[in-house]
Amino acid sequence: MANPFDLTDRVALVTGANTGLGQAIAVGLAQAGADIVAVGRSAPNETRAKVAAAGRKLTAIAADLGSTEPIDRIMADAGPIDILVNNAGIIRRADSAEFSEADWDAVMDTNLKVAFFLSQAVAKGWIAQGRGGKIIQVASMLSFQGGLRVPSYTASKSGLAGLTKALANEWAHLGINVNAIAPGYFVTNNTEALRADETRSRQILERIPAGRWGTPDDLAGVAVFLASRASDYMHGAVVAVDGGWLAR
Ligand code: NAP
């Protein structure tokens, strides 16, 4: 039987693939056989080298995903794609009593609004061609929990979990799988401030049954699974990859 996780010659558009979780996801998909279209504001040079080492090609599209403005250009430049990974995301920290409108809007626009309209643009193309595809949203523990001092991040990631289910309901019968990965606490730029705070960092670690923070390559297997034929009957799932955090 053919390998159900094989992605040979599929094309995956991954946002924010230059670093962190997006890079690990792009490299994991490439190791399973996919070519990568990396969309983001920083050049994905390191990721390109890792994708090349896996024997696959990376095409870079420079775009600021803080607004929907570049989406038409991204779609035109990307060409046909089979997999969309909405990974690019930001976090802003401040007490909710003092939280600014600018920090609310920036996070909601990048993490939720652009993820929706990119999903829409990609799905529209698939629907017009009468074919299916795979959409993977990168959610968070704060798709399930409230968090501390990150109200717009929590709202955006809880919204993304809801959106995953909403889009699955509309598009599952068209052969479009929409699912989400909810990473626990991973060592990336996103968690730098958290890890620098000794007390918070210790409290977080104490609650992780696996006894360690996640490293980006811990996510690759789930991304390959959700991008491949192996997950064809999965729709609207928000899959936690959290070292057991939610089990506590
Ligand atoms: P990261 O290292 O900060 O990476 C974030 C990525 O998003 C970078 O590639 C960044 O590009 C890109 N990005 C942000 N704003 C952008 C914009 N306006 N236009 C284009 N690209 C933009 O953090 P990460 O941890 O890998 O985060 C990846 C995703 O995982 C995010 O959605 C995050 O919320 C989610 N997540 C992370 C954790 C964790 O523990 N690390 C946990 C749960 C969920 P630049 O490098 O150019 O800034």
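Residues are numbered from 1 along each chain as its sequence is written, and side-chain values use heavy atoms, with hydrogens and water left out. In this predicted model local features need pLDDT of at least 70 and side-chain atom pairs count only at pLDDT 80 or more, whereas totals for chains, interfaces and linings use all residues.

Helix α5 spans residues 151–171, helices being DSSP runs of H or I with at least four residues and strands runs of E with at least two, numbered from the N terminus. From first to last C-alpha its 21 residues reach 30 Å, close to the 30 Å expected at 1.5 Å a residue, a span defined as 1.5 Å times one less than the number of residues. Its buried residues include Tyr 153, Leu 160, Leu 167 and Trp 171, where buried means under 20% relative accessible area, exposed over 50% and partly exposed in between (1.4 Å probe, protein chains only). Among the elements covering them are α4 (101–129) and β6 (176–183).

The model holds 8 salt bridges, each a side-chain nitrogen of Lys or Arg within 4 Å of a carboxyl oxygen of Asp or Glu.

| Pair | N to O distance |
|---|---|
| Asp 82 and Arg 131 | 3.0 Å |
| Glu 206 and Arg 202 | 3.5 Å |
| Asp 218 and Arg 212 | 2.9 Å |

Asp 82, between α3 and β4, and Arg 131, between α4 and β5, lie in loops and are 49 residues apart. Glu 206 and Arg 202, by contrast, are 4 residues apart in helix α7, about one helical turn. Asp 218 is partly exposed at 30% relative accessibility, as is Arg 212 at 43%. A further network of salt bridges links Asp 9, Asp 35 and Arg 56.

How values were computed. Contact = heavy atoms within 4.5 Å.
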